[in-house]
Amino acid sequence: IRRMATNPISQFPAGFLWGVSTSAHQIEGAADEREPSVWDAFTAEPGRVKDGSTAAVACDHYHRYAEDVALLADLGVDAYRFSVSWPRVNSPGGLDFYDRLVDELCAAGVRPVPTLFHWDLPLALDWLDRDTAARFAEYAARVAERLGDRVTKWITLNEPAEHTLLGHALGAHAPGRQLLFDALPAAHHQLLAHGLAVRALRAAGVTDIGIANSHGPTWPASQEPADLEAAAFYDLLLNRLFSDPLLLGRYPEGIGELMPKGSAGIESDLKVIAEPIDWYGINYYAPTKVGAPQGAEIEFGGLTLPAELPFSVREIEGHPVTDFGWPVVPQALTELLTGFRERFGDRLPPIVITENGCSYEGIDDQERIAYLDGHVRALHRAVEAGVDVRGYFVWSLLDNFEWAEGYERRFGLVHVDYDTLERTPKASYGWLRDALRARR
Ligand code: GBH
């Protein structure tokens, strides 16, 4: 990727929200100061996490949050997207931590943007139970009552698609189930939880609510009918299963019948799910090439996909790849956003890119600078094409616990030494700081 001299960030209008993201389980540590989550139980099982690590300490952000907020302030971001740990809120003093964090952020002039669920479900709960949706709404209300005087912008869920797929269908993430299509109730209950939480947050006076969904263009492996059909099905799972009910109030054809319904029926659930939101968050990393099933297990992004899936994921050639093996294709972000605009039209609320980033080793991370520069330019092309985008958050502020990959993948703008817990800003941190300063 060729980097141009101009600063891509200064091309955006004033008021565009620039930020960085993290999540509780990936950075906080202090696991013994809260209730356990499904991720604590999952990582305790041998073989689940590649390097055998756990998030018991992680970046120790729970004890070092003031240092991390100072890093945010120096970086000059407008906003910080973090997640609230439900098991921590369930523990004595848990909400006090978020209270202190929010105070620290406000004092530093950084806007707090909490996500209420980023995969660390309390161990006693299960997304296959419908009741978890109602519990989530109660928890959301409790957090909003405590932080709502200082926090205005809220996110309900992070990537229910990945949590369903990886956690319940394929078993690569907590809670480690391999239910394949029988995982769909976990999707429905998360969507219901989102809708009920939107209502609970509104009742608590919140006016600025979004969700962070994982999306990326699906590229068919060829124009052969079998490849086109498989790609369309994969696209439905990744790009429509969650967005259609949220934005159009219906499931894609054929999927609604597979969902459990409450006593009042599926239409009544869909009304809750489609409760209007103020903006739609997109986490974008890479496009996926998909073709007809190949009748064998395949390795994909560190996963072994079972042979019986009705599609197969293929390698994208001709683009650089990150340390994770994910292709770097900035123009696919423009394609994704213009495609969303075409599909949803006026039903599409303003968009915020709630995550975008890459894993690379090293402190002089020129590849990360190239990745971010390329994606910010691609984002600007989408804005020029008429897509209403209001913000962009880099994943992530810090190197952190990368789920089933443990600490081997580093997504941070700031390097973390996991022995000393020392933070060292990388070249990409300097790049973003300079670009943010230059815009004013
Ligand atoms: C996010 O998930 C999570 O929200 C965050 O917690 C996590 O740390 C971060 O991303 C980094 O992983 O093999 O090229 O087709 C991202 C979900 C699923 C997006 C796999 C990229 C595969 C890319 N990812 N997907 S590719």
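Which helices each supply at least two residues of the lining of the second largest pocket? The legends below take up this and other sites in a predicted model, in which local features need pLDDT of at least 70 and side-chain atom pairs count only at pLDDT 80 or more, while totals for chains, interfaces and linings use all residues. Residues are numbered from 1 along each chain as its sequence is written, and side-chain values use heavy atoms, with hydrogens and water left out.

**View 1. The second largest pocket is lined in part by α9 and α12.** The helices α9 (225-240) and α12 (331-344) each contribute at least two lining residues, helices being DSSP runs of H or I with at least four residues, numbered from the N terminus. Five residues, the largest share of this lining, come from α12. The pocket has a volume of about 160 Å³, and its lining, which includes Asp235, Asn239, Glu335 and Arg343, divides into three nonpolar, four polar and three charged residues.

View 2. For glutamate 355, a polar side-chain atom lies 2.9 Å from an oxygen atom of the ligand. The protein covers 89% of the 590 Å² of accessible area that the ligand has on its own, as computed by the Shrake-Rupley method with a 1.4 Å probe.

**View 3. Glu159 and Glu355 carry the UniProt annotation "active site", taken from an unreviewed entry.** Although these residues are spread over 197 residues of sequence, they cluster in space, with a largest C-alpha distance of 10.4 Å. Glutamate 159 is placed in the loop between β4 (153-158) and α7 (160-169).

**View 4. One cavity of 30 Å³ or more is found in a search of the whole structure.** A cavity here is a set of points, on a 1 Å grid over the protein atoms alone, where a 1.4 Å probe fits but cannot get out. The largest cavity holds about 60 Å³ of space, and its lining includes Pro293, Ile298, Leu305, Phe311 and Ser312. By class, this lining divides into eight nonpolar, three polar and no charged residues.

Methods. Polar contact = N/O pair within 3.5 Å; in protein donor to acceptor, adjacent residues only side chain to side chain. 1 Å grid on protein atoms, 1.4 Å probe; cavity = no way out; pocket = protein on both sides within 12 Å on 5 of 7 lines; lining within 4 Å. Points joined across faces, edges and corners; volume = space filled by probe spheres on them. Nonpolar A, V, L, I, M, F, W, Y, C, P; charged D, E, K, R; others polar. UniProt positions renumbered as here; feature names shortened; annotations may be inferred.
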